[in-house]
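Hi,

Here is the structure I promised to pass on.

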Number of protein chains: 2
Amino acid sequence: RQEFREISPSEFFYRHREIVGFTNPARAVYTSIREFVENSLDAAESIGVPPDIHVSLIRDEGFEFEVYRLRVEDNGSGIPGEYIPYAFGKILYGSKHTLKQMRGIFGLGGKMAILYGQITTNRPVHIISSIGDRYIYEYRLLIDIEKNNPIIVERNVHRNGSPRWRGTIIEIFLEGDYQRSSIKIIEYFKETAMANPYAELTFIDPYGILYTFMRSTRRLPASSREVKPHPHGVDVETLRKMINSTNCKTLREFLIENFHRVGEATTDKFLKKYSLDPARDPASLTPSEIVDLAYALKNFDEFLPPDPSCLSPLGEELLVEGVKKELNPEFVTAIQRKPSTYSGYPFIVEVALAYGGGIPQTGRITLYRFANKIPLLYDESSDVSWKVVNQIIDWKHYKIDPAKDPIAVIVHICSTRIPYRTLGKEFIADRPEIEAEITRAIRIAARRLSEYLSHKRRVEKAREY
Amino acid sequence: RQEFREISPSEFFYRHREIVGFTNPARAVYTSIREFVENSLDAAESIGVPPDIHVSLIRDEGFEFEVYRLRVEDNGSGIPGEYIPYAFGKILYGSKHTLKQMRGIFGLGGKMAILYGQITTNRPVHIISSIGDRYIYEYRLLIDIEKNNPIIVERNVHRNGSPRWRGTIIEIFLEGDYQRSSIKIIEYFKETAMANPYAELTFIDPYGILYTFMRSTRRLPASSREVKPHPHGVDVETLRKMINSTNCKTLREFLIENFHRVGEATTDKFLKKYSLDPARDPASLTPSEIVDLAYALKNFDEFLPPDPSCLSPLGEELLVEGVKKELNPEFVTAIQRKPSTYSGYPFIVEVALAYGGGIPQTGRITLYRFANKIPLLYDESSDVSWKVVNQIIDWKHYKIDPAKDPIAVIVHICSTRIPYRTLGKEFIADRPEIEAEITRAIRIAARRLSEYLSHKRRVEKAREY
Ligand SMILES: Nc1ncnc2c1ncn2[C@@H]1O[C@H](COP(=O)(O)OP(=O)(O)OP(=O)(O)O)[C@@H](O)[C@H]1O
Ligand SMILES: Nc1ncnc2c1ncn2[C@@H]1O[C@H](COP(=O)(O)OP(=O)(O)OP(=O)(O)O)[C@@H](O)[C@H]1O
Ligand SMILES: [Mg+2]
Ligand SMILES: [Mg+2]
């Protein structure tokens, strides 16, 4: 009577695609563009190259309904030939299941766009990619949604020319509604340019309009690095897996080798405090001993905090530059907070506060949100930054009136793990440590704006006499 | 350099468990309780039995940190012995991947609680279940998180006594924080009782307090039924799968057999309008013909709307009764809207509006939200109901002042598919059709309250003279 069955990850996310940003044709176009652009930005930064990304969205008249050809080309790392079918045809497959600041996390985004294109138009995705070696790989793929496997419809290998090309071109056909999403799409490009001033992006829209977002610098910020887990982020399962795969023969060596910033002195202190034998073979630990060890690691507060040099923030200078370029304010100030952590993950909050000039006066503060340099354009009122700006900060205290003053707040959070609330990366959870850092940053900025405004008002008053 | 790999669904949801409601120990206790209780309610209703559910949360002193034993017992359908390991040990496995109004949808909830318990305490889940036949099955399971498979630690088969027992007992150990979650947990039980007055629930909390939520009726509402997909909800992938598995030899027969409420006359009209050959073998359709057929099905507006008899709403009477019992208001009115649809899925909105009496005056309207009889207690301001109540309804028009009048709004949405925004079932998307129905229902209720209040004010004024 009851039908028990398993469904594959592709079947699951196909059924629940609205939970990952594919709610309707207008939103699907936006989400597809953002997922491909974020893949391209990650790919270029991964090899230290200033990204060149070209996007085109062209109406395809061969369908009775509104169908677009979306093409995204980048000069990034490319993908090795043998991985291309899985990278674009197997949900949960990817290269970003690591502890590193990147835009990608889930192994889902690009493939959801491909899947959506396939279920609305039945057309295979077309991929051309090279890692800059002698070959260029070309594929046309479909996703076997039931089995979560790629179906290779066509595969060609071409000789790479001279000079060698390196990068990726991806093209899908999908049902869309550009009229309803164009404003958000252009805003996405603008804000991406703001947070990634070393990237150059072009966008050709269905009306034939070419948007160009020129780079203002070729200098990339220091790239992010992968790190080992921090003891404060550990749980029994992670610990068990580490023990199963370690070659370390002593507990002391195991801790030093497997954890982030755990050195000899700290390890000895830790082992002493919890009466653990440094020479114990980790493989000999019983399940309940592993539980106790996880608890001890989580609660030992003498471990050094996570090393934030693995992170890649924007920096106050670049943040001010981006705000000036896009918003043209009368006044702008930026703060980069010292690194902090939540649940063992390092993060840095950067905030800019801008006033006047080109900032619109809308009766409320205009909020720009970024996470690992990705612009977040939806669900503003569910986001931790919105909560801080509209419910925590007492603007009156700084003689600022959000209802009358033209104010913009820009918040950027970078981390080895952004606490998104949704798989569509739409808004960020109000983790107490993150909320506190955003609050402190905005208070400092508000104080500076307050000083500017009171100085400005004194000068204006003086002029009246 | 880049490490390409696939991760299993269990590995994926383990890594991203905060996205499915396992954010911290306090929230994890809440989510575990709700997922098990919702499973038990589904199980009893599936066999037409008034649910008896007994929950206990007891502190386990055998750990250095805050660990609880959570036990949930029900008189529901039970699970056949051979399916138990997969139902509780394989993520995305379940019996609810169907088009039917149920609380469960994803094949994820119960197992996430089990997984969380395992990674915080390393203890296996203990399950005892019988479908009411000669045997009672007992298992202790762990989840192999890497492979997404159950690990059977222990298995026993017992003779079922006389009279035969039927139901399920599930017990996990998990790290928790009851002090921070007790208020929400008790509220969850209260609101579950409100929306499920035929269910009897007991809860023993860590302080030894017994909470009993007695049933007010044994009469179950008509149970929900599984339906075939409606043509308006179809896409190329669904259509392709239907064609691959059908035995129908003609297109005409295929449409009538596979779709919800598609009869002979409507099918003939449809085939004629789109110049399709009724005798065509569906297996012979080319991919582009399937795309055209999907488009035609979505856009043919002469199909009958989905049959709402598959749904199981509360009903105005039961809704008023539940509100009176829990909130003790001075005035309450309820409206059940006619069935409607979004994207081919039928839904019914039911609203109650209560005033005065036991309703607290908090300066804003108190909102109670239910989806398929599940109370939603988080992320209120992101929910479509909150948007309607606080941003769409013009309360002044009804001479109601939300800031001064003690008002409660209760919204219940039932559907074969609730458009949750998150996999943690926290809040509902503002689909235009759903937003419109909630708005209309509240306006009708507001008009009735307005009449009551103006009558009341006239009477009071008359008394002053
Ligand atoms: N333009 C590209 N250049 C190089 N590699 C790419 C590109 N696009 C995708 N990839 C590779 O394909 C993988 C899968 O991409 P996909 O977008 O599906 O998931 P993801 O980026 O890993 O995670 P997320 O779901 O968070 O986007 C990536 O991890 C990356 O290795
Ligand atoms: N108490 C119970 N009685 C009978 N069957 C149950 C019970 N609990 C779970 N099951 C079975 O186990 C399956 C898996 O439950 P699980 O909670 O993991 O997913 P689900 O309920 O199908 O979906 P969701 O993730 O939305 O809760 C269910 O589909 C149901 O068949
Ligand atoms: Mg991606
Ligand atoms: Mg469930």
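Let me start in a loop: A:P163 sits between β7 (149–159) and β8 (167–175) of chain A. The peptide bond that joins A:S162 to A:P163 is cis, with omega at about 5 degrees. Chain B has a cis bond from B:S162 to B:P163 too, with omega near 5 degrees, and B:P163 is likewise in the loop between β7 (149–159) and β8 (167–175) of chain B. Do keep in mind that this is a predicted model.

A:D379 is not a glycine, yet its phi is positive, at about 55 degrees; you'll find A:D379 in the loop between β15 (374–376) and α11 (384–392) of chain A. Over in the other chain, B:L92 also has a positive phi, near 80 degrees. B:L92 belongs to the loop between α3 (84–89) and β4 (93–94) of chain B, and it is buried, at 1% relative accessibility.

How do the two chains relate?

Now the aromatics. Searching the whole structure gives 54 aromatic pairs over all chains. One of them is A:F12 with A:F13, an edge-to-face pair at 5.1 Å centre to centre and 90 degrees between the planes. Both partners are tucked away: A:F12 is buried at a relative accessible area of 0%, and A:F13 is buried at 2%.

Another edge-to-face pair is A:Y178 with A:Y207, at 5.8 Å between centres and 65 degrees between planes. This pair links distant parts of the chain, 29 residues apart: A:Y178 is in helix α5 (residues 178–195), while A:Y207 is in the loop between β9 (200–204) and β10 (210–213), both in chain A. Which of the two is buried and which is exposed? A:Y178 is buried, with a relative accessible area of 2%, whereas A:Y207 counts as exposed at 58%.

Both tyrosines also belong to one aromatic cluster, together with A:Y30, A:Y188, A:F189, A:F203, A:Y211, A:F213 and A:Y378. A:Y378 has a charged neighbour as well: A:K184 lies over its face, 4.8 Å from the ring centre. In chain B, the charged end of B:R123 sits over the ring of B:F173, at 4.3 Å from the centre.

Last, the ligand. Ligand 2 is surrounded by residues from chains A and B, so its site is shared between chains. There are 25 residues around ligand 2, and those that come nearest are B:S95, B:I105, B:L108, B:G109 and B:K425.

Cheers

Methods
Residues are numbered from 1 along each chain as its sequence is written. Chains are lettered from A and ligands numbered from 1 in the order in which they are written. This is a predicted model: local features need pLDDT of at least 70, side-chain atom pairs count only at pLDDT 80 or more; totals for chains, interfaces and linings use all residues. Side-chain values use heavy atoms; hydrogens and water are left out. Rings of Phe, Tyr and Trp (its six-membered ring) pair if their centres lie within 6.5 Å; planes under 30 degrees apart count as stacked, over 60 as edge-to-face and the rest as tilted. Buried means under 20% relative accessible area, exposed over 50%, partly exposed in between (1.4 Å probe, protein chains only). Helices (H or I, at least four residues) and strands (E, at least two) are DSSP runs, numbered from the N terminus. A charge sits over a ring if NZ of Lys or CZ of Arg is within 6 Å of the ring centre and within 35 degrees of the ring normal. A residue is near a molecule or strand if one of its heavy atoms lies within 4 Å of it.
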